[in-house]
Amino acid sequence: MENFEPIIVAFCCQYCPYTAADTAGTQRLCYPANLKIIRVPCAGKVDAMHILKAFEKGADGVVVAACLEGDCHFETGNIKAARRVSYIKKLMEEIGVEGERLEMVMLSAGMGDRFAEMATEVTEKIRKLGPSPINLNTSSQKQEAC
Amino acid sequence: MITAERKPLEELIEYVRPYDRILLVGCNECVTVCAAGGRKEVGLLASALKMAFAKEGKTIDIKELTLERQCDPEYIEELVPHIEDVDAVMSMACGCGVQEIAKRFKNIPVFPAVNTKFMGASEQQGIWAERCQGCGDCLLGLTGGICPIARCSKHLMNGPCGGSTNGKCEISPDVDCVWQLIWDRLKALGMEDRYEEIIPAKDWRTAGGGGPRKIIREDLAE
């Protein structure tokens, strides 16, 4: 468990959070490599199925990163994403997986430092929680996902 | 539409626990519209069940299939090629669909994945409300197109009762007094005299009081 390196899938809206990740890189900020970023056209496009499949295929944590409130290019995609994340957290609790493994964040494109901070915080949180209970019994599946 | 809600996952897990191969069947009609049992919900439930069992170290094989309708035998036939390969079927359709599958396949257990709720309409995205109880003798023509049977907490034929306050029902401030709505609408239509007509006691035999109901169209029935 001491050497546990969580796999965290981060669905990042291409407008702000994905650019924030770029900004973090441009600023030469270090953040854990545990985050596997998936660029999406809008956080509102991240379906419940995408989140569940990430966990099913071996993710220990999932982040949905959206633009700040009022800044969504599609007006309310970020608000819809936040509602969906709350719904999936409840479903995860029903499954028996901690809802804290799913995180919703909102960032602007200029918040490179905040992106790096968030990546560190989320990685530490998941590291403390340990491997996803699904992976404990399906380690072979996780290897496939990697 | 007929509305439904997914059952608690805990209950569904217990239904399928004895089996290794499940056919999870969705329905493209009402339960798709009310986000309870369409293709997307089939995918979500399959994933949730797989994870719940994976947590216990068990691998469960779930085949996903969504039929155009589950309340017609023609569509149920589409399950035939798949039924041999599974130990049990779980249906995400309303109670009609579950029973059609049970009727067609005598030797395989069928479980409901949703609780069928009521005949309702969309109030707004994500909110569905009861509108009809299928009483079999529609009186919407007398009540301005608003149903007191489905929407009055007491199913009063001649309301409102003393529990109506500021247009709300006494059971909850979130529930409209339907007789207030009926009065407001009749007034807006200039049909206040309709309100003065006493609706006689209802014959509930058409509502199911006379036993299970059936419609026979002789020109169509073979």
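How many salt bridges does the rule find across the interface of chain A and chain B? I started my notebook with this question, and I kept in mind throughout that the model is a predicted one.

**Entry 1: the interface**

I looked across the interface of chain A and chain B, and the rule finds 3 salt bridges there. One that I looked up joins the side chains of A:Glu94 and B:Arg6, with a distance of 2.8 Å from N to O. I then turned to the elements of chain A behind this contact, and I noted that helix H2 (48-56), helix H3 (77-95) and helix H5 (133-137) each supply at least two residues of the side that touches chain B. Among the elements of chain A, H2(A) gives the most to that side, with 6 residues. When I sorted the side of chain A that touches chain B by class, I found 9 nonpolar, 3 polar and 4 charged residues.

**Entry 2: the area of the contact**

I next looked up how much surface the two chains cover, and chain A and chain B bury about 1,400 Å² between them, with 65% of it on carbon and sulfur atoms. For the residue count, I noted that the contact takes 16 residues from chain A and 15 residues from chain B.

**Entry 3: chain A as a whole**

I counted the elements of chain A and found 6 helices and 4 strands, which run β-α-β-α-β-α-β-α-α-α from the N terminus on. Chain A has a radius of gyration of 15 Å, and this agrees with the value near 15 Å that a compact globule of 146 residues would have. Along the principal axes, the C-alpha atoms of chain A fill a box of roughly 40 × 35 × 25 Å. I also noted that 50% of the 146 residues of chain A count as buried. Of the contacts in chain A with a separation of 6 or more, 80% come from residues 24 or more positions apart.

**Entry 4: one residue inside**

Is A:Thr123 buried or exposed? I located A:Thr123 in helix H4 (residues 112-129) of chain A, and I recorded that A:Thr123 is buried because its relative accessible area is 0%, where the cut-off for buried is under 20%. Leaving aside neighbours within four places in sequence, A:Thr123 is in contact with A:Pro6, A:Ile8, A:Pro32, A:Asn34 and A:Leu35.

Conventions: Residues numbered from 1 in each chain as written. Chains lettered and ligands numbered in written order. Predicted model: local features only at pLDDT ≥ 70, side-chain atom pairs only at ≥ 80, totals over all residues. Heavy atoms only, no water. Buried < 20%, exposed > 50% of the residue type's maximum accessible area, 1.4 Å probe, protein only. Contact = heavy atoms within 4.5 Å. Buried area = accessible area lost by both parts, 1.4 Å probe. Salt bridge = Lys/Arg side-chain N within 4 Å of Asp/Glu carboxyl O. Nonpolar A, V, L, I, M, F, W, Y, C, P; charged D, E, K, R; others polar. Rg over C-alpha atoms; globule rule 2.2 N^0.38 Å.
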